[in-house]
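I opened this notebook to record, entry by entry, what I looked up in the structure.

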Amino acid sequence: MNNTKTALVTGANKGIGFAIAQGLGAIGFNVVVGARDDLRRKEAVERLCAAGVDAFGVALDVTSDDSVAGAAEAIERKAGRLDVLINNAGIGGRTDGGAQNPTSLDLDVVRTVLETNVLGVVRVTNAMLPLLRRASSPRIVNMSSNMGSLTLQTGPVLAAYAPSKSMLNSVTAQYARELAQTAIIVNAACPGYVATEFTGFSGSRTPEQGAAIAVRLATLPDDGPRGGFFDDAGVVPW
Ligand code: NAP
């Protein structure tokens, strides 16, 4: 088996996803930049390669069955297997006009956010599983948020985004249970409050700091934790 490990990062063209790609590239991974916009994807791959990372891009819109199937085919052709999948792509959803206040919730916003943040993760994961099963120590990391923690109930009231991350946490636990007897380790990660386009660059942490927990969970040993929710400080309550 080829010793170079391959990692797919969804939404890797900017923000935390780009930093995860950089972080995994720096420790020797062949990084697949999954991104839906051709130009942004090309520029990200160029920036990674200029920094010495072994990277290539695949067109990937997590809301499209065809796009995700095409990405899996491209990775199979180029790498033959997948060692790590980072489900990072995510959206906050519109908030204008009280669109994410529970009492005036815009159900179309809920559908849109769930389509990307939850169904997108399932769509990508299931398309990549055949490639992950070919790896000796496959890892899946779902980028969640402590806003999805029912215990912490942190951050602003956002009744599409926060529940999408609660559901993603639950889906993560379901995958971990089904895959418990396999080599595939699945966990959820919280990057903290990170300065990216997502937060209007108002977060207190850098994308590199936000990426660190994903890199750690992507490189867990074979006896590492399964089906958990972690940030830099350790376990995040569900
Ligand atoms: P960001 O800068 O807005 O980047 C989001 C990435 O997701 C972009 O690459 C975006 O691509 C991509 N994306 C969105 N919809 C997509 C789709 N349908 N198909 C493929 N890619 C798609 O956000 P970020 O702050 O780096 O956030 C990354 C992840 O961390 C998200 O899941 C977010 O919920 C989570 N998170 C962030 C924070 C924070 O403080 N920033 C805190 C907790 C959790 P385009 O460039 O094409 O839009």
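Predicted model: local features only at pLDDT ≥ 70, side-chain atom pairs only at ≥ 80, totals over all residues.

Entry 1, the ligand. I began with Arg36, where an N or O atom of the side chain lies 2.8 Å from an oxygen atom of the ligand; I count a polar contact as a pair of N or O atoms within 3.5 Å, and within protein one must be able to donate a hydrogen and the other to accept it, while residues adjacent in sequence count only if both atoms are side-chain atoms. Asn88 comes to 2.8 Å from a ligand oxygen atom through a backbone N or O atom, and the side chain of Lys165 places an N or O atom 3.0 Å from an oxygen atom of the ligand. The ligand taken alone exposes 910 Å², of which the protein buries 95%, with areas from the Shrake-Rupley method and a 1.4 Å probe, where for residues only the protein chains shown count as cover.

Residues are numbered from 1 along each chain as its sequence is written, and side-chain values use heavy atoms, with hydrogens and water left out.

I found Thr10 in strand 1 (residues 6-10); helices (H or I, at least four residues) and strands (E, at least two) are DSSP runs numbered from the N terminus. Thr10 counts as buried because its relative accessibility is 2%, the classes being buried under 20% relative accessible area, exposed over 50% and partly exposed in between (1.4 Å probe, protein chains only). Its side chain reaches the backbone nitrogen of Asn88 at 2.9 Å, the residue that also meets a ligand oxygen atom through its backbone.

I counted 13 salt bridges in the structure, each a side-chain nitrogen of Lys or Arg within 4 Å of a carboxyl oxygen of Asp or Glu. Asp38 pairs with Arg41, their closest N and O atoms being 2.8 Å apart, and both lie in helix 2 (residues 38-50), three residues apart, about one turn of the helix. Asp38 is exposed at 52% relative accessible area, whereas Arg41 is buried at 13%.

Arg123 forms a salt bridge with Glu115 at 2.7 Å between the closest N and O atoms, and salt bridges that share partners join Asp65, Glu115 and Arg123 into one network.
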